[in-house]
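Reader: I am new to this and would like to learn how the labels on a model get decided. Could we go through a few of them together?

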Amino acid sequence: MSENILEVSNLRKYFDISGGIIGRKRHTVKAVDGVDLTVAKGETVGLVGESGCGKTTVGRTILKLYEPTAGSIIFEGEDITKYSQRKMKPLRAQMQMIFQDPYSSLNPRHTVGDIVAASFAIHKVTPEGGVKKTVQGLLERVGLNPEHINRFPHEFSGGQRQRIGIARAIALRPKLIIADEPVSALDVSIQAQVVNLLDDLQSEFGLSYLIVAHDLSVVQHISDRVVVMYLGKVMEVARTEDLFKSPHHPYTKALLSAVPIPDPTIERSRERITLVGDLPSPANPPTGCVFNTRCWKAQDICRNSVPAQRTVGTSTVACHFPE
Ligand SMILES: Nc1ncnc2c1ncn2[C@@H]1O[C@H](COP(=O)(O)OP(=O)(O)OP(=O)(O)O)[C@@H](O)[C@H]1O
Ligand code: SF4
Ligand SMILES: [Mg+2]
């Protein structure tokens, strides 16, 4: 598992926003501000952090659905950072996205068969055994009835629709899948089934995953490693077990302390950290460590100097005073 399928260095994505009635008041939203991450072949990396910290933007920028502002994206040893959309096209078959909302991500006027088969048409691939048979095989593989190939998305439940999205994503046998909150719109009872499906498909097809999720129990279950983001930056990267056992970054600690623990004795006695204040605006992030306005350990140095990534145990932590 040592070879990386994806290497992202110092990735930035800034959005220029014009405001005011005549649109002259401009500001820059630093949605992603210097992110480093890697995904090894066959690995699942979870990307977590509270709403608005830039998770979706990271995913979309890696897939070049957004043009990166700076940094580099290496996919299978190939630097795709500056690739045009035309040059990206053959690579799109190998890098797929699964979206959060199984309702809006499927075209309601297309049959399930057409939705799953669209990738073949776009990439001008004729699958062995024919399109229809292959699509039916894919539907079956994701746990749907292949007889339902001519049905429309509204005829399926949320969980089934997410399975359709997954069938579409794996149709071209991609190597990397970026899943943006793949189960958070689903009933809790359905979430585990879809997570297990993703797990099974990973071993079967040797997939690598970057999975964006705010639900830490999902992340803990599915990820080999976890990347914790806050306000466009990476706070901590660790193996899943290590992260949940001994978080080193104060922000990670705060995030984890909000997760309920099923054991009532531990749950009652443990320390809970409530973060005060709102997430600062990515248009005007704090100086120094971006977490300093909400960190209970903040000192002057935290307000003046950006902490470098340092190694603590097996983790990488961006903090002047790691735990
Ligand atoms: N297309 C865009 N134009 C302008 N600003 C954007 C755009 N997309 C995202 N942003 C801003 O960038 C920041 C990061 O947004 P992003 O959607 O990546 O966060 P997120 O971590 O995925 O949040 P959530 O958990 O709510 O999905 C937010 O402040 C958001 O308002
Ligand atoms: S660098 Fe300072 S403010 Fe930032 S997380 Fe560490 S202790 Fe807190
Ligand atoms: Mg998002």
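Predicted model: local features only at pLDDT ≥ 70, side-chain atom pairs only at ≥ 80, totals over all residues.

Reader: What makes β2 and β5 the edges of their sheet?

Author: The order in this open sheet of four strands is β2-β1-β4-β5. Both β2 (25-40) and β5 (78-79) have a single partner strand, so one side of each has no neighbour in the sheet. Helix α1, residues 55-62, packs on this sheet and touches β1, β2 and β4. The direction of α1 makes about 115° with that of β1.

Reader: Why are β11 and β12 called a pair?

Author: The cut-off is at least two bridges, and four join β11 (residues 309-312) to β12 (residues 315-318), so they count as a pair. The hairpin has two residues between the strands, and G313 takes a positive phi near 60°.

Reader: Which residues come nearest to ligand 2?

Author: A residue counts as near if one of its heavy atoms lies within 4 Å. Of the 13 residues around ligand 2, the nearest are C289, C295, C302, C319 and H320. By class, this shell has nine nonpolar, three polar and one charged residues. The space that ligand 2 takes is the largest cavity.

Key: Residues numbered from 1 in each chain as written. Chains lettered and ligands numbered in written order. Heavy atoms only, no water. 1 Å grid on protein atoms, 1.4 Å probe; cavity = no way out; pocket = protein on both sides within 12 Å on 5 of 7 lines; lining within 4 Å. Sits in = over half its atoms within 2 Å of the grid points. Nonpolar A, V, L, I, M, F, W, Y, C, P; charged D, E, K, R; others polar. Contact = heavy atoms within 4.5 Å. Axes fitted to C-alpha atoms, helices over the stretch in contact; angles between N-to-C directions.
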